[in-house]
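Have a look at the model first.

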Number of protein chains: 2
Amino acid sequence: MARENAFIVFQPAGRRGVVPRGITIIEASRRIGVDIEALCGESQVCGKCKVRIESGRYDKFGIDSGPGHVSAWQESESKYITAEERAAGYRLGCVARVAGDLLVYVPETSRAGKQVVSKAARAIAIDLNPAVRVYTAKIAPADLDHPTGAAERLREALSAQCGLKGDLAIDLMALRILPAELRKGQGTLAVYIWMDREIIGVTGGEGLPGLGLAVDIGTTTIAGYLCDLATGKVLYTASLMNPQVKYGEDVISRISYHLNHEEGLRRMSRDLVAGINRLIDDALAGAGNAGGRALFREDIVDMAVCCNTAMHHILLQLDPTDLGSMPFAPVARQGLDLKARDLGIAIHPAANLYILPNIAGFVGADNVGVMIAEAPYASDTMELIIDIGTNGELVLGNARGVVVSSCATGPALEGAQIEFGMRAAPGAIERVRVDPETHEVDYKVVGRNPWRSFSPPEEMGVKGICGSGVLDTVGELYKAGVVKKDGAFNKAVQSPRLRENPDTGIREFVLAWAAEASIERDVVITQKDIRQIQLAKAAVYTGCKLMMRRLGVTMPDKVKIAGAFGTHLDRTLALVAGLFPDCPLEAIESVGNAAGDGCRLALLDRRKRKEAERAARRVEYMELTLETDFQEQLLDALAFPHQKDPFPHLAGVVPDEILRQP
Amino acid sequence: MARENAFIVFQPAGRRGVVPRGITIIEASRRIGVDIEALCGESQVCGKCKVRIESGRYDKFGIDSGPGHVSAWQESESKYITAEERAAGYRLGCVARVAGDLLVYVPETSRAGKQVVSKAARAIAIDLNPAVRVYTAKIAPADLDHPTGAAERLREALSAQCGLKGDLAIDLMALRILPAELRKGQGTLAVYIWMDREIIGVTGGEGLPGLGLAVDIGTTTIAGYLCDLATGKVLYTASLMNPQVKYGEDVISRISYHLNHEEGLRRMSRDLVAGINRLIDDALAGAGNAGGRALFREDIVDMAVCCNTAMHHILLQLDPTDLGSMPFAPVARQGLDLKARDLGIAIHPAANLYILPNIAGFVGADNVGVMIAEAPYASDTMELIIDIGTNGELVLGNARGVVVSSCATGPALEGAQIEFGMRAAPGAIERVRVDPETHEVDYKVVGRNPWRSFSPPEEMGVKGICGSGVLDTVGELYKAGVVKKDGAFNKAVQSPRLRENPDTGIREFVLAWAAEASIERDVVITQKDIRQIQLAKAAVYTGCKLMMRRLGVTMPDKVKIAGAFGTHLDRTLALVAGLFPDCPLEAIESVGNAAGDGCRLALLDRRKRKEAERAARRVEYMELTLETDFQEQLLDALAFPHQKDPFPHLAGVVPDEILRQP
């Protein structure tokens, strides 16, 4: 790279590019298509453009974000950046200039287009029966004839007045505040009891209903649902990038980081816990503002967590080595009840944390969350559930039996490893239509309602393509004959949009011209991108097909797409692209963040925890790669929608001559 | 105080005095009778005389150990004192000079006459059945058909190979090391299981038997018994001054410290835990040296603790406020199973800690320890157990019923608040005989076998009087007619030893002349000292008598004296002094540190924990001060041996005319 240029990567968006040295970081972010907040127009008077310069080698980006790769500290920055933040690497984006290769982290508060994390809580039916319940008891004072301990008098009162067992355990932290709360409440206490077994908290007087937190830890995103345990209502949904993204985008690179760094596991765990604690503060602040009263960490008296097996192990600091190689055995499968304090999670000091069970190495607690939310094991109809995050997890079954498996989709379906791929943030193309005659393109971007055809080009502000936009694009291009059954661009198509990149020689299709983009370049999908999508969708398709074969199912009654990806998905185009075997279009539905829903259910209904344990034990795990024809099946599934399998339900949707392509 | 003098207090001995400014601290210690190690004769070349200068106000000593009250730092000190130690206030005693009032702490390593802490472990009968047992199990590897978690395979192996329940809990800390230990042991694990309920540790291969630690936390002294859980043997007994002594010598002053200081409870608890951690390191080093292999904190897999209620609350950071006022209710009475890590105690990270139950505000877990060691509730004979530490606890009963009570003895019987009182360290008078004719004195000092009558005077090196010496002295003086029944010196006695102090005008009796002392002064017992002993012994006597009345007992079959005090006690003189009601001399026995024995039993035999819980629940607590004639009884008990009660068993021991004094 020429000395006058520098390579720069912006996290968490993952956008990267080459910029001239000497420009400000905010200018660099603009050139690369990352929006940093700059209310004052870079006059150094608003302090909104704080970024953190990461220092060190980042092999996965091929970058050395060395010391001295950014211009020297200016006194004007101290007005907005505390000494502590400065020590952590924070700078003002409008002051600091690029002096070498850089990895720059843009905190949520500095992002102009706040990320749209589609992990909003769905309305789900919940039988409210939380693990932690609040009881009110009147405690008799001690007297000289019976100078029994405060704890014993509390137990007696709970037994006599609330019908609880007389031998309740009591957490040390509850014991510590008991006398002061007794004095405050003049003998009346609100008592927080976990599973009718353990006293975890006491508050003098009537006390408030406790809060609970369900946390769905994804490889990329963490979602937290702060709930009122008395009503089951979600008070606030907070979300956050998983701070571990800096150790690698997928689970395998996180496991490698553990294998290659002495303190790697502890470091990743600490970062994750710090992230969860930030999420907790965000949720409390958000719910507190909405509810008009201040909420505190101690108000959260119970917590449920779901995540994939790798996140599970990293959170708990369980050695993930065995997850990285055959037979991919986890350290623990059963759900675990832990003290949140043992993990450093800053909620009520005696609160327990329930982490849902794992099923197998690559089918984790998040999949169990999906299962208890969708309950296929209680269904008469044959359900196929596809949960696509950074990995793909598949569930197939009904009341007679359930099979689960995991498929290596890679992150392409989330928009990663795609030339112009980005997360579902403002400026991302999320819907695409391609005219079969003219091959002209219409599209919609996140954060703007009117489609391109109804807008002046310069108002579109396109920055890239998100996961659903990518699948839409390949489905439409195939349907329009621009992409052939085998995934190659059809050279016979005459369109200025279909061209060869002069630098790389790789064929590409223009979705949005530079005039419609905010990044001063055409936004394209390349032949390489399409190959990535083919690999990903073939993995899902093959998994579904092999599982159906195992259960003797010719067609599922229902196909449920879970995860953020599912929310934005066009179900017709998903079938056109061949993400799963043929089925009636009306059988396909999106079920949102089902893992998060399941986690919320486990938080609010203790019976769902038992159901989770039972489900995790009873489902059959299927290791797809052990099927003898796995590779063959995978190859056949690369084609659109499939090399051999018929798709009768696409009749009338995709032109016959295209569907019948050899 | 004249400007040229300074007031100086040496801790933990508690010795104090006035010394001229400008002398070295080692010189000051010598004048006051505290021995600091000085191998090199103060040539500043051995570094053995390290002391710590405490800085701040110490109201209980009426002293302000201000900055600048010691001479400036000398470079020669840095040869022996690290920067860290220097920051903590350490100085060389042969370099630093007194420049003002000072509180000086002499670490154990700098004490010339190492303290004799009589908490050595007695040989007691133990049914070995520890809470933590080690099992060896062979864990099946995971395979692709059954990729179950390591934890589940471990549970299955324990169930199939060791007959344990299949649903054992597993501590997070054990889970964290499980995969690495499985690899190390190639599938064979030593598994440490608590109460057949919880897996707390795993070690690859065969593993070593675990260690256990029983800790008896006294107000003044902490004793730790490091035991081999496989044999029950005591590997090492370590002891330490309770670091809380700096907050006050008795439990009431510790409770006051909590009431008067925001962070007082936490500070005392932290100091105590730091002390316990030092004790642990001492015990491991001692046992390791003796056994020829290094022992580590992680080797200690179980711990039992007994202590009085105040120490119990301070250790656990339970609010001790209610212990300080009627009806003296503790926060918790039941025994508690805690994670040692939650207290910051540095043993195995998953180890549990069992703290014995309390009975009432002033009858704590230490008394329960005494009870399970002596088991009066299983005895046919009527036993009276007297445990004298800084407080007195009394137990009376047999299999038909047991009563306990607490009496406010104050620390006089331990040698504190006595003019020349000191702990049972070398140079302390521990045995005394007074000739009834000549009133001449013979005595023995700790650390020297020949009595005074067989030694050259200058070899005695007397420094003071310890608890047993004090009781011996008053018993002998009474028997010899030097002290009258009412405790006053008999003015009719003509002896150069009985004199009036020219400064204070208080009458005193010389036990050792300056020529026999290492402190260049006569060692005396004063009229005030005798009053202190009268108050203390009357409290014990009254307690015994009121309890006997409650149970309708005219004379106990056995009188057991527990504690360090009991070990050194002359049982005849204890009866002569009237420490307890009349009984045959042969019925009196010393049972050593029974509380520590009980704690060790609870560590090594889990059934003893159940017995402790039962005993604590079933005994009757008697609040002595509620008896209507308590004050009257107390006054009558001030006399030697008692104002009214007959002592037929002293016939022939004490001359008739003295016993019959009005």
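This is a predicted model: local features need pLDDT of at least 70, side-chain atom pairs count only at pLDDT 80 or more; totals for chains, interfaces and linings use all residues.

Residues are numbered from 1 along each chain as its sequence is written, and chains are lettered from A and ligands numbered from 1 in the order in which they are written.

## Where the chains meet

The contact takes 38 residues from chain A and 38 residues from chain B; residues are in contact if their C-beta atoms, placed from the backbone, lie within 7 Å. On the side of chain A that touches chain B, helix 3 (150-162) and helix 4 (172-184) of chain A each supply at least two residues. Helices (H or I, at least four residues) and strands (E, at least two) are DSSP runs, numbered from the N terminus.

The largest share, six residues, comes from helix 4 of chain A. By type, this side of chain A divides into 23 nonpolar, seven polar and eight charged residues (Ala, Val, Leu, Ile, Met, Phe, Trp, Tyr, Cys and Pro count as nonpolar, Asp, Glu, Lys and Arg as charged, and the others, Gly among them, as polar).

## A helix pair in chain B

Helix 5 (residues 251-260) and helix 6 (residues 264-291) of chain B pack at an angle of about 130°, their axes 7 Å apart. Axes are lines fitted to C-alpha atoms, for helices over the stretch in contact, and angles run from 0 to 180 degrees between N-to-C directions. From helix 5 of chain B, the contact uses R254(B), Y257(B), H258(B) and N260(B), and from helix 6 of chain B, G264(B), L265(B) and M268(B).

## A sheet in chain B

Six strands of chain B form an open sheet in the order 28-27-18-19-20-29, with mixed pairing; strands pair if DSSP finds at least two bridges between them. Strand 28 (588-592) and strand 29 (620-621) of chain B are the edge strands, each pairing on one side only.

Strand 19 (residues 392-398) and strand 20 (residues 401-407) of chain B run antiparallel, joined by seven bridges. L396(B) has V403(B), in strand 20 of chain B, as its bridge partner.

Note on methods
Two residues are in contact if their C-beta atoms, placed from the backbone, lie within 7 Å.
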